[in-house]
Amino acid sequence: MEVLYSVTYFLYQFLESTSFLILAALGMAIIYGMMDITNLAQGEFMMVGAYVTVLLVNRASVPFVIAIIGGTIVTAILGFLCDKLIFRRLYGRTMDSIVVSWGISIILCQLIYIIFGPDLPGIQTPLSSVNFGGTSYSIYRIILMLIAALLVFSIYLLFKCTKFGLHSRATMQNREIASTFGVNTDRINSATFMLGSALAGLVGSLYAPLMGITPTYGTNFLVQSFVTVIVGGANPIAGTVLAGAGLGLVEGWLSILYGTFIGKIGILVIAILAIRVLPKGFSGIVEGISLNKRKKEGK
């Protein structure tokens, strides 16, 4: 039984780390993979989602699930405005987007600090915990794991089985040719950025009960999401899932043995090694397998 308890605890830690990395990185990965923009303000978009959710719950007595929807919608609108006013001029300019988005993140942090002060009262974690083998497992965190899987599947269907997804992939591959075929690339880019921002707001709202609500809330996500996106590569779905699983395995294992801090250091070390060995990230492996498959089918 002790072996079963140990395996269960490791599986829980692995899935928790993996789901966190995937949820934190998915919105940034979509914006980066589809638009070649590195949005370092993604963490602050998560902060906005968390603040809206907490304010709706604490000051307007809105149910938590409805507050999450509110936080997601507000952040999506914020992303839409940022794209229309700023980022639409930075498509394909990766380094410029890094500098500009970093400036936006600082502005958002300072605005939140000026308006709401250094912190907000948090909200209670929904649901309770279950005990197995003397270890307590949070039901809410288990639900977050399921949400991560459902979200990845939904995004996959969106980009693979819808007209929007087809136009998005065409715009990503060749913006000029897509335009000649009647695709409104500006509208596609705005919708893509809005989707990535909405995902940031959703994730920030979901994790609001688990973290302190402060103007630096986004820093809880930024490093892990950025590392996951870089290791994952340009493919926003396959790359993010593989990178999240790989880094989650390392973080979960190290966290059990040496603590959370060492676990976070471990994923940074593995990320450096992965970038060195796989310059295109896990997306390069996926593309290579896909290319070899097409060549075999062509023969």
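1. A residue is called exposed when its relative accessible area is over 50%, buried when that area is under 20%, and partly exposed in between. On that scale S61 is exposed, because its relative accessible area is 63%. The model discussed here is a predicted one.

2. S61 sits in the loop that joins α2 (42-60) to α3 (64-85). Its backbone deserves a look: phi of S61 is near 55°, a positive value in a residue other than glycine. For background, a negative phi is what most residues other than glycine have.

3. L127 is a further case of a positive phi, here about 65°, in a residue that is not a glycine. L127 belongs to the loop between α4 (94-116) and β1 (129-132). With a relative accessible area of 54%, over the 50% cut-off, L127 therefore counts as exposed.

4. Which helices supply at least two residues each to the lining of the largest pocket? They are α5 (139-161), α6 (163-173) and α12 (281-298). The largest share comes from α12, with five residues. The volume of this largest pocket is about 660 Å³. Of the 17 residues that line the largest pocket, K160, R169, M172, N235 and V286 are the closest to its centre. By type, the lining of the largest pocket consists of 10 nonpolar, three polar and four charged residues.

5. Two of the helices named in the last point, α5 and α6, also pack against each other. Their axes are 5 Å apart and meet at an angle of about 75°. Since angles of 65 to 115 degrees count as roughly perpendicular, α5 is roughly perpendicular to α6. On the α5 side the contact is made by L158, F159 and K160, and on the α6 side by F164, G165, L166, S168 and R169. These contact residues divide into four nonpolar, two polar and two charged.

6. At least two lining residues of the second largest pocket come from each of α1 (2-35), α9 (219-232), α10 (238-258) and α11 (260-277). The lining of the second largest pocket divides into seven nonpolar, six polar and four charged residues.

7. Is A271 buried or exposed? A271, a residue of helix α11, counts as buried because its relative accessibility is 4%. Leaving out residues up to four places away in sequence, A271 touches V227, V231 and L247. A271 and L247 stand 24 residues apart in sequence, and their C-alpha atoms are 7.8 Å apart in space.

8. T75 is a residue of helix α3. T75 is buried, because its relative accessible area is 0%. What does T75 touch, apart from neighbours within four places in sequence? Its contacts are F45, V48, G49, S197 and G201.

9. S105 is part of helix α4. A relative accessibility of 4% is under the 20% cut-off, so S105 counts as buried. Not counting residues up to four places away in sequence, S105 touches L40, A41 and E44.

10. Y9 belongs to helix α1. Residues up to four places away in sequence aside, Y9 touches T135, Y137 and I256. Y9 and F132 are 123 residues apart along the chain, while their C-alpha atoms are separated by 9.0 Å.

Methods. Residues numbered from 1 in each chain as written. Predicted model: local features only at pLDDT ≥ 70, side-chain atom pairs only at ≥ 80, totals over all residues. Heavy atoms only, no water. 1 Å grid on protein atoms, 1.4 Å probe; cavity = no way out; pocket = protein on both sides within 12 Å on 5 of 7 lines; lining within 4 Å. Points joined across faces, edges and corners; volume = space filled by probe spheres on them. Helix = DSSP H or I, 4+ residues; strand = E, 2+ residues; numbered from the N terminus. Nonpolar A, V, L, I, M, F, W, Y, C, P; charged D, E, K, R; others polar. Buried < 20%, exposed > 50% of the residue type's maximum accessible area, 1.4 Å probe, protein only. Contact = heavy atoms within 4.5 Å. Axes fitted to C-alpha atoms, helices over the stretch in contact; angles between N-to-C directions. Parallel < 35°, antiparallel > 145°, perpendicular 65-115°, else oblique.
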